Amino acid sequence: MNPLKFVKDRPLDLIAIGRLCIDLNANETNRPMEETSTFTKYVGGSPANIAIGSARLGQKTGFIGKVSNDQMGRFITNYLEKNDIDTKGVTTDLTGAVTGLAFTEIKSPDDCSILMYRDNVADLKLHPYDVDEDYIKQSKALLISGTALAKSPSREAVFVALEYAEKHEVTVFFDLDYRPYTWTDEAETAVYYNLAAEKCNVIIGTREEFDMMEKLLNVEESDDHFTASRWFSYHSDLVVIKHGDAGSIAYTKDNKSHRSGIFQTNVLKTFGAGDSYASAFIYGLMNGKEVSEAMKLGSASASIVISRHSCSDAMPTEEELENHMETAVYQQS
Ligand SMILES: Nc1ncnc2c1ncn2[C@@H]1O[C@H](COP(=O)(O)OP(=O)(O)OP(=O)(O)O)[C@@H](O)[C@H]1O
Ligand SMILES: O=C(O)C[C@@H](O)[C@H](O)C(=O)CO
């Protein structure tokens with residue numbers, strides 16, 4: 001069963017809002033950053049990766065975000081356009097802000113980390129005035145991502161987008177995308193995540209991300225069912241909790257749960273799993289698939305992306321995803 005309804009006849013399927021950055025992924029793998037000397041440059045940032053994954057799967061996709069007024073900003077906008085992403089909502093910062101950089105360290109397939117350079121970044125300068133109501137109402141769905149809530153004015157820009165989405169019946173997906181280094185205070189983080197989640201139809205996050213949101217509730221032990229059911233009295237119809245290589249579980253408002261396993265793969269690096277999962281999961285739901293089938297699409301896409309070097313450029317097309325699901329070994333959780 002698929003609990004979501006999407007308005008029909010809109011020019012865009014999905015608009016993502018938030019971070020547009022650069023990933024610099026280590027070329028020399030199986031070694032620490034101190035010993036890495038060359039990196040390959042890709043577009044990055046969780047909502048950017050999800051938008052790219054969505055467009056690769058044939059969804060009409062747009063973006064609302066802010067880029068730096070330099071070569072990096074232009075590289076990002078050009079890449080989005082080359083991937084058929086509508087960039088009408090992408091504005092250029094005029095205050096001298098820079099593009100956020102994520103240097104990745106690939107020590108082993110299960111020991112990866114990201115070193116972020118995020119001082120004075122353009123993505124967090126997105127202003128409520130940059131969010132156009134007429135643009136949001138052209139889409140069936142909106143994807144928000146938690147990192148954009150970390151600072152003003154980007155935080156307010158996301159809340160304004162949420163208001164417009166509700167007004168125009170745009171289904172909202174929230175990928176929690178919790179990056180601790182972007183935040184300074186745990187209570188502030190939990191409060192803003194919870195305020196945003198109240199307004200979303202679908203919430204997708206890892207167990208650790210939901211634990212962060214439950215920090216102020218004095219919850220003694222993590223419990224996926226408790227986590228999901230909190231949101232059904234607000235706007236949510238569907239909550240997904242990801243558990244890395246142990247798969248994922250989704251709960252629907254009718255109190256049913258759905259589990260997904262993983263597709264076995266040759267893991268090169270772990271990052272990008274969540275973004276590829278989200279893009280294919282959203283694509284599945286928007287194309288009428290049952291929740292468990294959409295989760296399986298998400299898992300398949302994740303297994304492709306973690307076997308490749310980048311996150312954004314590695315996103316599969318519809319054909320690649322279908323072929324992969326036919327050939328890869330599925331492991332039920
Ligand atoms: N080792 C693995 N092999 C195959 N699939 C995996 C593996 N790890 C994760 N996945 C798939 O990716 C999905 C998302 O992974 P995970 O729970 O690690 O998300 P995440 O922490 O948001 O990812 P990211 O590392 O990108 O932040 C899982 O539900 C699973 O389907
Ligand atoms: O900006 C980031 O958080 C880094 C991402 O671009 C990176 O690709 C990643 O971590 C994907 O999950």
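Trainee: At what angle do helix α8 and helix α9 pack, and how far apart are their axes?

Mentor: Please keep in mind that this is a predicted model. Helix α8 covers residues 273–286 and helix α9 covers residues 291–305; they pack at an angle of about 145°, and their axes are 7 Å apart.

Trainee: Which hand does the crossing of α8 and α9 have?

Mentor: The crossing of α8 and α9 is right-handed. On the α8 side the contact is made by Ala273, Ser276, Tyr277, Ala280, Phe281, Tyr283, Gly284 and Leu285. On the α9 side the contributors are Val291, Ala294, Met295, Leu297, Gly298, Ser299, Ser301, Ala302 and Val305.

Trainee: How do the residues in the contact of α8 with α9 divide by class?

Mentor: That contact has 12 nonpolar residues and five polar ones, with no charged residues.

Trainee: And α1 against α8: at roughly what angle do their axes cross?

Mentor: Helix α1 spans residues 46–56, and its axis comes within 8 Å of the axis of α8, crossing at roughly 45°. The two helices α1 and α8 are therefore oblique to each other. Their crossing is right-handed.

Trainee: Which residues of α1 and α8 meet?

Mentor: From α1, Ser46, Asn49, Ile50, Gly53 and Ser54 meet Asp275, Ala278, Ser279 and Ile282 of α8. By class, the contact of α1 with α8 divides into three nonpolar, five polar and one charged.

Trainee: Turning to α4 and α5, how are they arranged?

Mentor: Helix α4, residues 154–167, packs against helix α5, residues 186–197, at an angle of about 20°, with the axes 11 Å apart. That angle makes α4 roughly parallel to α5. The crossing of α4 and α5 is left-handed.

Trainee: Let us change topic. Which residues come nearest to ligand 1?

Mentor: There are 20 residues around ligand 1, and the nearest are Lys242, Gly244, Gly272, Ala273 and Gly274.

Trainee: What polar backbone contacts with oxygen atoms of ligand 1 may I note for Gly244, Ala273 and Gly274?

Mentor: A polar backbone atom of Gly244 is 2.7 Å from an oxygen atom of ligand 1. For Ala273, a backbone N or O atom lies 3.1 Å from an oxygen atom of the ligand. For Gly274, the distance from a polar backbone atom to an oxygen atom of ligand 1 is 3.0 Å. Ala273 is also among the residues of α8 that make the contact with α9.

Trainee: How far are the side chains of Arg19, Asp23 and Arg179 from oxygen atoms of ligand 2?

Mentor: A polar side-chain atom of Arg19 lies 2.5 Å from an oxygen atom of ligand 2. Asp23 likewise has a polar side-chain atom 2.5 Å from an oxygen atom of ligand 2. In Arg179, a side-chain N or O atom is 3.1 Å from an oxygen atom of ligand 2.

Trainee: Finally, the backbone. Is the peptide bond from Ser152 to Pro153 cis or trans?

Mentor: The bond from Ser152 to Pro153 is cis, with omega near 5°. Pro153 is placed in the loop between β8 (139–145) and α4. Most peptide bonds are trans, and most residues other than glycine have a negative phi.

Trainee: What is phi of Asp9, and where is Asp9 found?

Mentor: Phi of Asp9 is near 55°, a positive value in a residue other than glycine. Asp9 is found in the segment before β1 (12–17).

Key:
Residues numbered from 1 in each chain as written. Chains lettered and ligands numbered in written order. Predicted model: local features only at pLDDT ≥ 70, side-chain atom pairs only at ≥ 80, totals over all residues. Heavy atoms only, no water. Axes fitted to C-alpha atoms, helices over the stretch in contact; angles between N-to-C directions. Helix = DSSP H or I, 4+ residues; strand = E, 2+ residues; numbered from the N terminus. Parallel < 35°, antiparallel > 145°, perpendicular 65-115°, else oblique. Left-handed = near helix turned anticlockwise from the far one by under 90°. Near = heavy atom within 4 Å. Polar contact = N/O pair within 3.5 Å; in protein donor to acceptor, adjacent residues only side chain to side chain. Contact = heavy atoms within 4.5 Å. Nonpolar A, V, L, I, M, F, W, Y, C, P; charged D, E, K, R; others polar.
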